[in-house]
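Here is a short report on selected features of one model. Please keep the sequence and the 3D view open while reading.

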Amino acid sequence: MSKFVIEGGAKLKGKVNIGGFKNAAVAIIPATLLCPGKCIIQNVPKINDVYVFEEILTELGAKVDLLEDMSLSIDASEVNDCYLKNGLSKKMRASYYLLGAGLGRFKKASTLLPGGCAIGTRPIDQHIKGFEALGATVNITSEGRINVQATKLVGTRIYLDVVSVGATINIMLAAIYAEGKTIIENAAKEPHIVDTANFLNSMGADVKGAGTDVIRINGVKELKGCTYKVIPDQIEAGTYMIAAAATKGDIIIDDIIPKHMEPVTAKLKEMGMGIEEYGDSMRIFYEKDLVPVNIQTLPYPGFPTDLQQPMTVLLSTLKGNSTVVEGVSEDRFRYVEELLKMGANIKYSKRQAKIKGITHLKGSVVQATDLRAGAALIIAGLIGDGLTEITEIQHIDRGYEKLENKFMNLGAKIKRVIDEE
Ligand code: UD1
């Protein structure tokens, strides 16, 4: 097992390049199963969730190659079904996209129920509702295997009771070849939904309205291979923005779409950070004492739930009080226990944290309870007095590319230590 050891105190300075968006890549990669041809996916992040998908697609019979320019070539023409025998789907949440893609192309799919971060119950009832509305039957066995199948899929109108990124994308995938028109109402609007729709359209699909709350999919008869570049990771970029604010730093964040950062930019400006935006980069710099703000996470374009944890760390060291309300995930404050070990003064329930700012966090041994909690603890370590050790960092490796290298290049004192035990 590995851990990160961080010596706090360095102000971040320099430039960081942002990789491809994890949450888009983990939708686009399984979506290639819809196409009986070769797709080249560029700007794929080098993270464990992507490696697991490479394994899954290979297991299903696709030809997956990493090209010299680090793009991923996926040819699913020889894949005949989407029955995933092994438990790889339990390693991450996004494996649920195999159900939509398999249903769309083969009219059936079967996997073990998805895994992913422990941040509440995370039901997939809206995905199932969508599949059933298109004409599929869905059953979940007592061993936790989910089977979806249909004799034919027919487009229809589907209203999502919960604004769900996963359900919106999964229904899009399942409806690509359905007869007639599918309309998803109350759809999620996140940038990776637009990115997935753009990828599907590059293969010849007919998806309109992605990025609004009504998405229309006209079923097509065939898809063709294409080359497609994944958008930059707004959550990775947001993590570095918050780290710059917490360490009173001055950094350039490169290869981003500043528009996607607006919910974070707005809050950091409100706190007092200096931000200059350029075409595909931004400078974020500390110029005066930051003031606490209240945060409520919401579906896009609201403040992203995936940055709630890093933001809570930043707020915990600002003079004054603040409240963070979690409006998306059911139970995403468990990591606060780790911050309490570092001296933070936070009272929390499942959906809300009340923070009284303190002047210093103290370095401690803490555990990354999930992916974004891990990123938050890294920021806590960067500003904590003395040494912080973060264990269970496999969660962080699922979603952050070359994290310690990128932070080291910014001047942070962070190293990965392989535990002999
Ligand atoms: C995805 C992201 C995750 C992000 C989240 C919200 C991936 C692989 N993961 O997760 O990083 O934190 O979006 O932006 O892209 N819900 C239901 N029924 C459903 C689906 C969702 O009740 O069928 C509820 C659950 O409480 C869930 C919440 O809605 O926690 C958000 O769901 P959704 O937007 O689908 O997010 P995830 O797929 O869990």
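## Helix 2 and its buried side

A residue counts as buried when its relative accessible area is under 20%. The model is predicted. By that cut-off, the buried residues of helix 2 are Asp49, Val50, Val52, Phe53, Ile56, Leu57 and Leu60. These residues lie on the same side of helix 2, because they cover an arc of only 155° around the axis.

What packs over them? The cover over the buried residues of helix 2 includes helix 1 (22–31) and helix 3 (97–106). Strand 4 (63–66) and strand 5 (72–75) are also among the covering elements.

Helix 2 itself runs over residues 48–60 and has 13 residues. From first C-alpha to last, helix 2 reaches 18 Å, close to the 18 Å expected at 1.5 Å a residue. Just after helix 2 comes Gly61, with a positive phi of about 110°.

A disulfide is a covalent bond between the sulfur atoms of two cysteines. How many disulfides does a search of the whole structure find? The search finds 0. Cys39 is in no disulfide, and its nearest cysteine sulfur, that of Cys35, is 4.3 Å away. The cut-off for a disulfide is a sulfur pair within 2.5 Å. Cys39 is also buried, with a relative accessible area of 0%.

Cys82 counts as buried, because its relative accessibility is 3%.

## Asp306 in its loop

Asp306 sits in the loop between strand 17 (295–296) and helix 9 (308–316). Is Asp306 buried or exposed? At 14% relative accessibility, Asp306 counts as buried.

The side chain of Asp306 makes a polar contact of 2.9 Å with the side chain of Arg332. Leaving aside neighbours within four places in sequence, Asp306 is in contact with Asn23, Ile235, Arg332 and Arg372.

Strand 7 (residues 137–140) and strand 8 (residues 145–149) run antiparallel. They are joined by 4 bridges. Val138 stands opposite Val148 in strand 8. In a regular strand, side chains alternate between the two faces of the sheet.

The two strands form a hairpin, with 4 residues between them. In the turn, Gly144 has a positive phi of about 85°.

Notes:
Residues are numbered from 1 along each chain as its sequence is written. This is a predicted model: local features need pLDDT of at least 70, side-chain atom pairs count only at pLDDT 80 or more; totals for chains, interfaces and linings use all residues. Side-chain values use heavy atoms; hydrogens and water are left out. Buried means under 20% relative accessible area, exposed over 50%, partly exposed in between (1.4 Å probe, protein chains only). A polar contact is a pair of N or O atoms within 3.5 Å; within protein, one must be able to donate a hydrogen and the other to accept it, and residues adjacent in sequence count only if both atoms are side-chain atoms. Contact means heavy atoms within 4.5 Å. The expected span of a helix is 1.5 Å times one less than its number of residues. The arc is that of the directions from the helix axis to the C-beta atoms. Two strands pair if DSSP finds at least two bridges between them.
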